[in-house]
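Keep both open as you go.

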Amino acid sequence: MNPTEKTPKPEPLAQEPCEMNHSVLPQSTTAQEFPRRVMLRDGLRLAGVFGILGTGGYLVARQSSTDRYVWQIDPYLCTLCGRCATTCVLDESAVRCVHSYVMCGFCNRCMGFFDQKAAEFNSAAENQVCPTGAITRRWVQEEDYFEYIVNEDLCIGCGKCAVGCNAFGNGSLYLQIRQDRCKNCNHCAIADACPSQAIVRTPSDKPYLYKHLSEAAQKAASRDAANENDRDQQNSENKQNNLSNFGNATQNKKDSEGALE
Ligand code: SF4
Ligand code: SF4
Ligand code: SF4
């Protein structure tokens, strides 16, 4: 069936408990409650995301008391080339797909979820775009709102879902380096392979670049981080030069003392 054709309303998917244990919306939601619940859920979702990231945030803080920056993907620069899945130094890339729930969830023919040539719009594996079955979606209720859950143990960071989401939707699925997996290498190997310079340094106390922030705010944050990074690099170079000058001066003094003896 052509995905652009009208299709019957999908059956709600089985409402199994979320494997990641961060599903917070109650199973039954009335129409009146829905907007408030969605708002509440969005807030809690973000809290959930930060909750999951909490471990990562703690690890980042612990690992990088001296490192003030971590590597991250700028979702507005990433072109979803697929190299994130294969060029990380880790056997399993530190990159995972994330979903900004505040941006989207209203599409019942989501091309981040369904293969463009899907035989049917149901949850059968052959109809889904994800090669590892990492995305599950649950029809919430009212206005065809869907909840997407990415199982991070299955996601390989290939970005195929995000390609579909960008091609047909608003790009609410995108890739991020998960800080609880990333080793914060001195130089990120993905940065060398990335064709769009999308791997950037970001302050370790704000280690994720979320798309739900306004683009202007996001760019300002990236710019601040880049400026501060440049300043740090300049300071470190100055320090190196000072040390080197000091070494030369000491050597010169020794040489002249030797000449006088
Ligand atoms: S399509 Fe790729 S990036 Fe998206 S959830 Fe599946 S494995 Fe992860
Ligand atoms: S910094 Fe290292 S571990 Fe982290 S994403 Fe880049 S290559 Fe992978
Ligand atoms: S290598 Fe760069 S462009 Fe390709 S998926 Fe990763 S961040 Fe995006």
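## Two loop residues with positive phi

Gln197 sits in the loop between α4 and β6 (199-203); helices (H or I, at least four residues) and strands (E, at least two) are DSSP runs, numbered from the N terminus. Its phi is near 50°, a positive value in a residue other than glycine. Is Gln197 buried or exposed? Gln197 is exposed, with a relative accessible area of 58%. Here buried means under 20% relative accessible area, exposed over 50%, and partly exposed in between (1.4 Å probe, protein chains only).

Asn184 also has a positive phi, near 45°, and is likewise a residue other than glycine. Asn184 belongs to the loop between β5 and α4 (189-193). Asn184 is buried, with a relative accessible area of 11%.

## How to read this model

This is a predicted model, in which local features need pLDDT of at least 70 and side-chain atom pairs count only at pLDDT 80 or more, while totals for chains, interfaces and linings use all residues. Residues are numbered from 1 along each chain as its sequence is written, chains are lettered from A and ligands numbered from 1 in the order in which they are written, and side-chain values use heavy atoms, with hydrogens and water left out.

Let's move to β2, where 5 of the 5 residues are buried, so the strand is largely enclosed by the rest of the structure. Val95, Cys97 and His99 are buried on one side, and Arg96 and Val98 are buried on the other. In a regular strand the side chains alternate between the two faces of the sheet.

β2 pairs with β5 in the antiparallel sense over 5 bridges; two strands pair if DSSP finds at least two bridges between them. Which residue of β5 is the bridge partner of Cys97? That partner is Leu175.

## The buried side of α3

Helix α3 (residues 160-168) has Cys161, Ala162, Gly164 and Cys165 buried. They cover an arc of only 160° around the axis, which puts them on the same side of α3; the arc is that of the directions from the helix axis to the C-beta atoms. Among the elements that cover these buried residues are β2 (95-99), β3 (135-139) and β5 (173-177), where contact means heavy atoms within 4.5 Å.

## Around the ligands

Ligand 1 has 13 residues around it, and Cys130, Cys155, Cys158, Gly159 and Cys161 come nearest. A residue is near a molecule if one of its heavy atoms lies within 4 Å of it.

Ligand 3 is surrounded by 15 residues, of which Cys78, Cys81, Cys84, Cys194 and Ser196 are the closest.
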